[in-house]
Amino acid sequence: TGSAFLNEPGIYNDAQVAAWKKVTDAVHAKDGKIVLQIWHGGRACVAANNNGAEPIAPSAIACTHTVLGEFNPSGEKVPYELPRALKADELAGIVELFVTAAKNAIAAGFDGVEIHGANGYLLDEFTRASANKREDGYGGSIEARAKFPLEVATAVAEAIGADRTGYRISPLNSFQDMADPEPLAVTAHIASKLSALNIAFLHVMRADMFQQQTGDVLKVARENFPGVIVANMGYDLEQSTAALADKQLDAVAFGTKFLANPDLVERFRTGAELNEMRPQFFYTTDRVEGYNDYAPLDNKA
């Protein structure tokens with residue numbers, strides 16, 4: 001009942017575990033590593049995608065933008081539904097759902113999981129003040145707002161090993177109506193607590209998609225998380241090379257560039273031009289156009 005997108009893949013039943021095993025086996029056959037991002041959509045969920053289950057959130061505050069037609073079974077743009085505020089005694093059950101997903105991921109052959117605590121989905125909703133107006137032990141101060149997401153991280157790390165657990169944050173991103181008056185303080189607190197767990201990596205979205213909030217969250221993350229830091233959002237080859245050389249971070253994650261360039265690594269290695277992205281097809285469900293029809297380099301089979 002935590003699906004925000006139409007036709008998104010899952011890891012909650014045996015058939016899905018078996019299907020993913022084919023993928024992980026193929027990756028490992030090429031000496032690759034593969035990590036599964038696990039999440040709960042929170043108030044960004046659509047009831048029609050979740051057997052009619054109403055969306056849940058830290059507080060009963062709806063997203064103000066509309067559901068994209070690609071995310072809705074009817075294909076229509078509709079307002080997001082008002083979510084139901086979770087009761088405190090329901091949170092342990094959601095922690096267990098994350099634990100089950102993580103265990104299933106390992107059973108499916110994944111090398112680890114990345115807990116999605118970013119971009120206005122359930123864990124991020126708890127973390128940031130715009131979506132969390134709770135008056136119990138899970139709302140108010142930064143420490144209280146971060147309590148539930150950190151409970152998830154702790155439980156997952158205990159279940160599958162901290163060395164196979166990563167966590168993603170987006171302290172600045174205003175997507176899904178997210179905002180917080182103290183993004184740097186939020187970053188510092190979460191990073192330090194995750195460091196104490198000794199997790200495998202912290203993945204930081206370095207900026208705001210809509211440029212409404214600013215701040216050097218990577219610097220704060222590095223000051224509070226001495227382990228492996230992965231960063232993303234808008235990096236090109238030159239920027240990422242410089243950031244790695246300056247030890248601002250340990251790895252760069254590419255999203256949309258990889259969608260348009262399945263041979264991105266080879267293009268970076270050879271200095272080849274990148275394919276032009278077609279964002280209008282990023283969430284396509286019924287066509288190959290913009291999904292797997294991007295041209296590879298001429299010298300690749």
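The briefing below treats a helix pair, a cavity and a pocket in turn.

This is a predicted model, in which local features need pLDDT of at least 70, side-chain atom pairs count only at pLDDT 80 or more, and totals for chains, interfaces and linings use all residues. Residues are numbered from 1 along each chain as its sequence is written, and side-chain values use heavy atoms, with hydrogens and water left out.

**Helix 6 and helix 7**

- The axes of helix 6 (residues 183-197) and helix 7 (residues 217-224) come within 8 Å and cross at roughly 30°; axes are lines fitted to C-alpha atoms over the stretch in contact, with angles running from 0 to 180 degrees between N-to-C directions.
- The two helices are therefore roughly parallel to each other, a term for angles under 35 degrees.
- Helix 6 passes helix 7 in a right-handed crossing, meaning that the near helix is turned clockwise from the far one by less than a right angle.
- On the helix 6 side, Leu 184, Thr 187, Ala 188, Ala 191, Ser 192 and Ser 195 take part, and they meet Val 217, Val 220, Ala 221 and Asn 224 of helix 7 (contact: heavy atoms within 4.5 Å).
- This contact of helix 6 with helix 7 comprises six nonpolar, four polar and no charged residues (nonpolar: Ala, Val, Leu, Ile, Met, Phe, Trp, Tyr, Cys and Pro; charged: Asp, Glu, Lys and Arg; polar: the others, Gly among them).
- Helices are DSSP runs of H or I with at least four residues, and strands are runs of E with at least two, numbered from the N terminus.

**The cavity**

- There is one cavity of 30 Å³ or more (on a 1 Å grid over the protein atoms alone, a set of points where a 1.4 Å probe fits but cannot get out).
- The largest cavity has a volume of about 70 Å³, a volume being the space filled by probe spheres set on grid points joined across faces, edges and corners.
- Its lining, made of residues with an atom within 4 Å of a point, includes Asp 124, Arg 128, Val 186, Thr 187 and Ile 190.
- Helix 6 gives the most to this lining, with three residues, and helix 3 (122-127) supplies at least two.
- By class, the cavity lining has four nonpolar, four polar and two charged residues.

**The second largest pocket**

- The second largest pocket has a volume of about 200 Å³ (pocket: an open set with protein on both sides within 12 Å along at least five of seven lines).
- Helix 8 (237-245), strand 10 (251-253) and helix 10 (264-270) each supply at least two lining residues, and the largest share, four residues, comes from helix 8.
- Among the lining residues are Leu 237, Thr 241, Phe 254, Phe 258 and Phe 268.
- The pocket lining has eight nonpolar, two polar and no charged residues.

Methods:
Parallel < 35°, antiparallel > 145°, perpendicular 65-115°, else oblique.
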